[in-house]
Amino acid sequence: QKRIRRNVASEEILLQYIKGKPLSEFGYPKSTLHRQILRRINSFPSWEEATGEWLDQLRDQEWFKNLVVDTTVVKVGGEKRIYLHAADNYFKRPLIYKVIERENKEYIARELRKLKSLGYCPDIATVDLAPELLSAIKEVYKWAKIQGCLFHLARFLNKNLKKTEGTPEDVALAREKAKNLILHSVCADFLTRRSMIQKLAPMLQPSVDEKTKQVIRIFLNRYIKFYHTLEELNGHAETLTTNLCERHIGLVKKFKRRLCGFKSFNTAQKLLNSYWFFYIKEKRDIVKKDLNVRRFEGAAAFLLDGHISVSRLSHLLGLPEQYLVETAKKKGKIMILGYPISRRQIRRILQLAPKVNTVGELSEIMALNPRVVCKILTIYGFNVKVQNPQMTIDEIFNHQSNACSRIDNARIIKP
């Protein structure tokens, strides 16, 4: 019996345990299984060994290297520790999975230097703009272009530009306008970004509330340099978010909950080594999606938000226009003049229309093309009156020259 017990924790049993099966369901004494599992996890490779072996296999292969890095707080033995995770966005593979003592530049740079010594040198590093991550990446990968995560920027804007109880209507509209202009400018082509940044500049006047001006200044002075246009990214839309790291960190948190927490620092790291060993082993044989689709799917929520036409997006990303239209429709978007517009945006346009005077004001608040806004208003019963020269809306739509500037000044008349 002792001889049998000595070998009960097979790789299959360990895999089931890591996936969440309780020790009590294996039919062996819990103490024996737990002891053998702790002994067995010593044999799994560290992230340096696993990543080094993988990079050696790809030594002669070239690919666009996008390093995604993020951190989160985990409790180990009742104390707060930092889990550092880095992954390659092309192969969707974890590179660094390490519990470190503190969230500072020195600890993070130490692990990145190890990754660099293994031969991994990224073209772009996508991060959430935490100061310690930025400093570490700049120190280790001086040549790499740093791209800020759109989701973290959206979280920052939602937190600092939200409408609270008692907020005056004009202040709330200014905050909504600033948020839409910033979000649409950071995932756009060069011309779209330039026009939106130009519209942000007048919002630094004394008449605008101080909180809105503070957020705009932070974005223009500190953040915008880390958000590159789609031309600068060569159409690599997958670099716009840290989605991959967020998903991987979510898996680690779920794994930790299943184990009722990590009991010690060393055990935590060994369990993580075994977890990612099995994860990589299972994912290795999965058929990869088309490269262009992978480049687009992570940032679809931001790119299909009505600020860039589908035809322009198709040119920037190198994807078929029909594929983008189908993807937009699957996400519940409505195609209006070649722009994917959500029902939420349409509802908001109809809510704001009675509160503003011209189509230009409304299009600036929504950060959308004036022609699209005008088309939505006419579809839903609003009358749009164009002055100087006297032309109907249909004539302006057919007359491409200066169409947007003429529609900007068009007055909105309630139905």
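How many of the eight residues of helix 18 are buried? What we have here is a predicted model, where local features need pLDDT of at least 70, side-chain atom pairs count only at pLDDT 80 or more, and totals for chains, interfaces and linings use all residues. Residues are numbered from 1 along each chain as its sequence is written, and side-chain values use heavy atoms, with hydrogens and water left out.

Okay, back to helix 18, residues 359-366: six of its eight residues are buried, so to speak mostly covered. Buried means under 20% relative accessible area, exposed means over 50%, and partly exposed is in between, using a 1.4 Å probe and protein chains only. The buried ones are Val-359, Gly-360, Leu-362, Ser-363, Ile-365 and Met-366. Just past the end of helix 18, Ala-367 has a positive phi of about 55°.

Now zoom out. The chain has 21 helices and nine strands. Of the chain's 415 residues, 53% count as buried. And if you take contacts with a separation of 6 or more, 66% of them come from residues 24 or more positions apart; a contact means heavy atoms within 4.5 Å.

On to salt bridges. The structure holds 18 of them, each being a side-chain nitrogen of Lys or Arg within 4 Å of a carboxyl oxygen of Asp or Glu.

Let's start with Glu-139 and Lys-105, whose side chains meet at 3.0 Å, N to O. Glu-139 sits in helix 6 (residues 131-140) and Lys-105 in helix 5 (residues 105-117), so this pair ties together parts that are 34 residues apart in sequence. Glu-139 is partly exposed at 30% relative accessibility, and Lys-105 is partly exposed at 28%.

Next, which residues are linked with Arg-110 and Glu-111 in a network of salt bridges? Glu-48 and Lys-114 join them there. Within that group, the side chains of Arg-110 and Glu-111 meet at 3.3 Å, N to O. Arg-110 is partly exposed at 37% relative accessibility, while Glu-111 is buried, with a relative accessible area of 0%.

Note on methods:
Helices (H or I, at least four residues) and strands (E, at least two) are DSSP runs, numbered from the N terminus.
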